Amino acid sequence: MQTMDHTQMPPAGLEATSEGYTFEPVDAIIERGADRPFQFRITGPDGAAVTDYATEHDKDLHLIVVRRDLGHYQHVHPTMAADGTWSVPLDLPAGGSYRAFADFAPIGAEGLTLGTDLRVRGPEAVEDLPAPATIDEVDGYEVELVGDVVAGAESALTLRVTRDGAPVIDLDPYLGAYGHLVALRPDDLAYLHVHPEGEPGDGRTPAGPEVTFRAHVPAAGAHRLFFDFRHEGTVRTAAFTVDAAPAPPAASTDAGHDAHGG
């Protein structure tokens, strides 16, 4: 994922085109099922497919695919052909509307996250957004979310991983970190940038049980968080709903003058 400071930037992924770059699926309608092929291109300002990318977190491009109700999520890494066409199999268990996000940095340009809609054939599944919670269990692991999200500010969020009540202190490095966190806003599926603190091998970042991130959420309200971590060679995903608190009111200018005898 991108490593620059996004605290002053609007949410990403709302547009298929930005800064002259466009996320172009070969076919935006896909059959339901497992291992369904999906191909796309990223075209540049000249209209040609981009073939040169900067490697970020061990990959040239990260692809996030979610069902519009956020009941299904996958983080995958396509392979690129010489002509700039990316290919990846997707697991699409139900029909309906999905959103795909391409997170990348072309050589010589800033990093971008572009989003496009996909339609999956078959009966549509719609689930309510889960209620806010601080614990999620996945494959025998318990993941606890610690920290509060405040709109308009950088919030520290820590994910603590345990198994059978014991802290997991030997997380595997995954894409240059001990975990990755994706935040999505349910109402419009805005993609919000979240960055891990430290990296494996830097001499100060432990391999668990805690992984800390810095998140910037511009607006109050519900958000869905997806935490990817790898242990004993397998990547798992814990998911949380959080309510971002409103930003605190700005200090009054007049009050400031009064305090100084204005």
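Predicted model: local features only at pLDDT ≥ 70, side-chain atom pairs only at ≥ 80, totals over all residues.

Reader: OK, so in what order do the four strands of the open sheet come?

Author: The order is E16-E15-E19-E20, with antiparallel pairing. Strand E16 (190-192) and strand E20 (234-244) each have a single partner strand, so they stand at the edges and one side of each lacks a neighbour in the sheet. From one strand to the next, the twist averages 25°.

Reader: How many bridges hold E15 and E16 together?

Author: Three bridges, in the antiparallel sense, with E15 covering residues 180-185. Leu184 sits opposite Tyr191 in E16.

Reader: Switching topic: how many aromatic pairs does a search of the whole structure find?

Author: It finds 10. One of them is Phe40 with Trp86, which is stacked at 6.3 Å centre to centre and 10° between the planes. Phe40 is in strand E4 (residues 33-43) and Trp86 in strand E8 (residues 85-92), so the pair ties together parts 46 residues apart in sequence.

Reader: Is Trp86 buried or exposed?

Author: Buried, because its relative accessibility is 4% and the cut-off for buried is under 20%. Phe40 is buried as well, at 0%.

Reader: And what about Phe213 and Phe227, how are they arranged?

Author: Edge-to-face, 5.9 Å centre to centre with 80° between the planes. Phe213 belongs to strand E18 (residues 210-216) and Phe227 to strand E19 (residues 221-231), 14 residues apart.

Reader: Which residues form the aromatic cluster?

Author: Phe23, Phe38, Phe40, Tyr53, Trp86 and Phe104.

Key. Residues numbered from 1 in each chain as written. Heavy atoms only, no water. Pairing = 2+ DSSP bridges. Helix = DSSP H or I, 4+ residues; strand = E, 2+ residues; numbered from the N terminus. Axes fitted to C-alpha atoms, helices over the stretch in contact; angles between N-to-C directions. Phe/Tyr/Trp six-rings, centres within 6.5 Å; stacked < 30°, edge-to-face > 60°. Buried < 20%, exposed > 50% of the residue type's maximum accessible area, 1.4 Å probe, protein only.
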